[in-house]
Amino acid sequence: MIQPKMSGRERSQRQRRDPITHPGYECPVGRQYGKHSIWEPDAREASGAAAECPALACATCSGLRLTVASAAAGCFRMAVLSRPDIVSWSVTKLGHWDVRSPEQIFGRYALPASGALLDVGSNLGWFSWLFAQGGRRVYAVEAFPTNQRAYRTTLCLNPAWNGSVTLAATAVGGPDAAGPCVVSGSAGDNAGNGVLRCGRAEGCEAARAGGLACEPATLTTLDSLLEGWGDPRFAVVKMDVEGAECDVLKGGQRLFSRSPPRFLYAELKQPHVEACWREAALRHGYRAATPWRGKDRNLLFVREEMPAVPAGPLGPYSNSCCGWTP
């Protein structure tokens, strides 16, 4: 039987269906991979999402709104912030944040066949969702309650991920860290960028007076979380905690003493963070594997004992040289 000829738009939509989140769910027009145009839910889509996930029923109450994200593996519904926020803006306007697929991070290196993602400082969960789309187990850590609500709402919108994604709604620090703690949003266009402050003198009065969201936060160590999770085996550890990365490493040595992850990916824009991460990488057998990414100086470290291999199911990615040393 002769199949009817499809238009370019129909073909693109069919190729970008996401079989994990919504079988048969197609990217809305203007949300195909590689297209840049704003997408706003119509009344039917918005009411349907609100019925599934009550946090979306009152945007002024929750501070959240619905959008559709466009990753290389397909589209999925995502909760973003109503306040001015660069991640929310990027996902709403462009369909994605930073990268559209893991291979854009790992370059010529292939992910191990098994192993989870540890997403420390998950924000709205963009990296979590890319790995969940690929069927990976995800463990996330997020201190900011506003972001936690968005994260849980995206899970509500994509129930197929619930069994593979775990969120620890807490801050993590060094072994000597002590509370009480509060976490507040940032000024300008970065409302979801949580800033943690701990100590008896810390409170939310000043932040709230400046119009910023601010809430109490719990505090623990990464070692405590890993032990409670049963020391999962991680393929990738991604960390972005706004300058606290050194303290988190001090309180997270089980990462390296049990089953060291193949990759470490961190934001190193602050000099003291770069120094402590390079020292830790050298001590535990990692080397810098790619150039810096973006103004936040995100850097990928790979464990030396595993040589580079051609990218597998994530697809090829060409780099002309063999790696960068710390």
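A residue is called buried under 20% relative accessible area, exposed over 50%, and partly exposed in between (1.4 Å probe, protein chains only). The model described here is predicted: local features need pLDDT of at least 70, side-chain atom pairs count only at pLDDT 80 or more, and totals for chains, interfaces and linings use all residues. Residues are numbered from 1 along each chain as its sequence is written, and side-chain values use heavy atoms, with hydrogens and water left out.

A disulfide is taken as a pair of cysteine sulfur atoms within 2.5 Å, which gives a count of four.

| Pair | S to S distance | Angle about S-S bond |
|---|---|---|
| Cys53 and Cys156 | 2.1 Å | -105° |
| Cys204 and Cys214 | 2.1 Å | -70° |
| Cys246 and Cys276 | 2.0 Å | -95° |

Helices (H or I, at least four residues) and strands (E, at least two) are DSSP runs, numbered from the N terminus. Cys53 sits in the loop between α2 (43–52) and α3 (59–62) and Cys156 in helix α7 (residues 145–157), so their link ties together parts 103 residues apart in sequence. Cys53 is buried at 1% relative accessibility, whereas Cys156 is partly exposed at 29%.

Strands pair if DSSP finds at least two bridges between them. Strand β1 (residues 64–71) runs antiparallel to β2 (residues 74–81), joined by eight bridges. A hairpin of two residues connects β1 to β2, and Ala71 has Gly74 in β2 as its bridge partner. Seven of the eight residues of β1 are buried.
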